[in-house]
Amino acid sequence: MRPYRYRVPPAREITPQQTWLNRRALIAAMGAALAAPALPRKATALPEVVPGPFSTDEAQTSFEVATNYCNFFEFGPAKDDPARHAHRLITDPWSVTIDGLVERPGAMAMEDILARFPLEERIYRLRCVEAWSMVIPWIGFPLADLLANVGVRPDARHVLFEGFDDTELMPDHARNLLEWPYREGLRLDEALHPLTILAVGMYGQVMPNQNGAPIRLVVPWKYGFKSIKSIRRISLVAERPVSSWQERAPREYGYYANVNPQVRHPRWHQATERRLHDGGRIRTEMFNGYGEEVAHLYDGMDLSEHY
Amino acid sequence: MAPAPRWRMCAPIWAISAVPGIWLLWQWRAGALGVVPDEVLLHLTGRFALGFLIVTLGLGLAHFLTGWRLFVTARRPLGVWCFAYALAHAAIWLMLDQGGIIEFALAEARAMVHVQLGLAALVLMLPLALTSLDAAPRAMGFGAWKRLHLLVWPAAALALAHAFVVSRFASPLLSVLALAMAGLFAARLWGWWRARR
């Protein structure tokens with residue numbers, strides 16, 4: 001009986017060692033990639049953060065609620081759309097273009113921004129025009145610091161902010177919701193007010209994508225839509241700009257958009273608000289409770305006309 | 001074969017109509033409605049009510065086209081369930097959205113058109129729900145009962161207007177619903193016109 005012999009494959013059919021080693025590495029990498037979304041992504045760690053002024057001692061909204069109930073229309077109109085889709089936004093590298101009526105225009109890289117401006121924690125109330133509110137510990141620095149750094153020219157009166165307009169990042173149902181990029185504006189004295197900050201983090205962490213990573217505006221006495229997310233451009237201008245929501249529905253959204261329980265909105269009752277973390281409804285305060293700090297900015301103005 | 005008794009036909013309709021509500025309750029208790037469940041409860045009960053409304057309105061036409069008695073039998077239970085979901089919607093608004101604070105709810109009802117439209121639709125549906133037992137048409141006379149139940153049309157118009165006011169972006173689903181309702185109303189008008197000749 002002839003002993004059985006293993007068939008010897010021709011040399012051209014033998015997989016080279018390098019290839020099958022690569023395949024193992026590839027499978028291991030796939031496993032790691034599957035596990036990765038579960039881990040908090042910290043592209044850039046934040047430098048030292050010190051407690052800042054104006055913080056409230058009210059109960060804070062949980063991180064879970066603040067990161068899963070978001071208005072970020074670039075990623076869709078539903079409250080959970082940003083949490084589902086904002087991972088597509090690549091925030092590293094990122095730079096903010098500063099131009100218009102400034103002494104030193106140019107692009108500022110996120111690393112430079114984080115290195116140049118000392119970070120503070122500011123625990124602010126956030127009141128949305130949709131009549132809900134949160135209390136959020138932001139990490140950021142006064143917008144006034146950045147404006148001082150680039151030098152505002154004397155003829156500048158307003159600050160225009162722009163988000164991103166890469167529509168391929170947006171889910172299909174978000175692409176035509178508004179004119180992109182999202183635009184917002186502040187009068188120069190509002191922009192220079194010490195309450196106004198550029199936030200780069202919250203809850204002690206780098207800003208989550210769905211909350212406007214890597215850098216967003218926070219103006220606590222105005223409705224939330226003024227606090228533009230994922231800023232790409234800051235322009236100092238002479239004329240008052242038109243913000244995105246104002247352009248879409250001027251009867252509903254004004255340029256100032258100060259929190260004001262007396263000014264009626266056709267869609268939401270502004271006299272009261274729901275604190276999302278405890279489910280309770282409370283009375284809305286004029287200027288979201290920051291009247292002592294900001295009311296003087298609007299002396300002599302009819303706020304029912306300049307809403 | 002004798003026709004099945006009415007309750008034997010109605011029971012499955014009642015059971016099926018309860019499914020969305022039971023599913024929603026179960027999701028709520030399981031914590032599956034996201035980080036702000038009150039809002040999901042509010043929105044979904046409103047949608048359920050609109051869904052049952054359009055189906056209820058469509059059954060008359062479905063009966064006319066097919067001649068199946070089942071469609072007529074199903075109409076009253078589905079109408080009652082439409083009212084039940086609308087009532088749940090209003091109760092969730094009052095107890096969860098407004099935090100059960102009557103003063104806030106009254107202020108919002110005074111100020112906001114969508115609340116007024118929704119409450120008006122609910123009020124119009126109340127007599128229809130109250131006269132939904134077999135005894136009602138017998139007691140008040142079938143003609144009067146039928147005339148009373150024409151209130152479903154203004155109630156539907158108010159509910160639709162309510163939905164349009166609360167939606168910020170153009171909703172294709174809502175437009176389809178409006179077209180369907182307009183179509184059904186036109187069919188109804190045509191039916192009356194034909195019956196008169």
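**Entry 1**

I started at the end of H5(A), where Gly151(A) follows the helix with a positive phi, near 80°. I note here that the model is predicted.

I then went back along H5, residues 143–150 of chain A, and looked up burial. Leu143(A), Ala144(A), Leu146(A), Leu147(A) and Val150(A) are its buried residues, taking buried as under 20% relative accessible area. I viewed H5(A) down its axis: these buried residues fall within an arc of 160°, so they line one face of the helix.

**Entry 2. Cavity**

I searched for cavities of 30 Å³ or more and found one. I noted a volume of about 360 Å³ for the largest cavity. Its lining comprises 28 residues, and I listed those closest to the centre: Asn71(A), Phe72(A), Gly224(A), Phe225(A) and Lys229(A).

**Entry 3. Contact between the chains**

I looked up the contact between the two chains and found 25 residues from chain A and 20 residues from chain B in it. The buried area between chain B and chain A is about 2,000 Å², and 56% of it lies on carbon and sulfur atoms. On the chain B side, I recorded Val35(B), Arg168(B) and Phe169(B) as losing the most area to chain A. Together these three residues account for 38% of what that side buries.

Note on methods
Residues numbered from 1 in each chain as written. Chains lettered and ligands numbered in written order. Predicted model: local features only at pLDDT ≥ 70, side-chain atom pairs only at ≥ 80, totals over all residues. Heavy atoms only, no water. 1 Å grid on protein atoms, 1.4 Å probe; cavity = no way out; pocket = protein on both sides within 12 Å on 5 of 7 lines; lining within 4 Å. Points joined across faces, edges and corners; volume = space filled by probe spheres on them. Buried < 20%, exposed > 50% of the residue type's maximum accessible area, 1.4 Å probe, protein only. Helix = DSSP H or I, 4+ residues; strand = E, 2+ residues; numbered from the N terminus. Arc of directions from axis to C-beta. Contact = heavy atoms within 4.5 Å. Buried area = accessible area lost by both parts, 1.4 Å probe.
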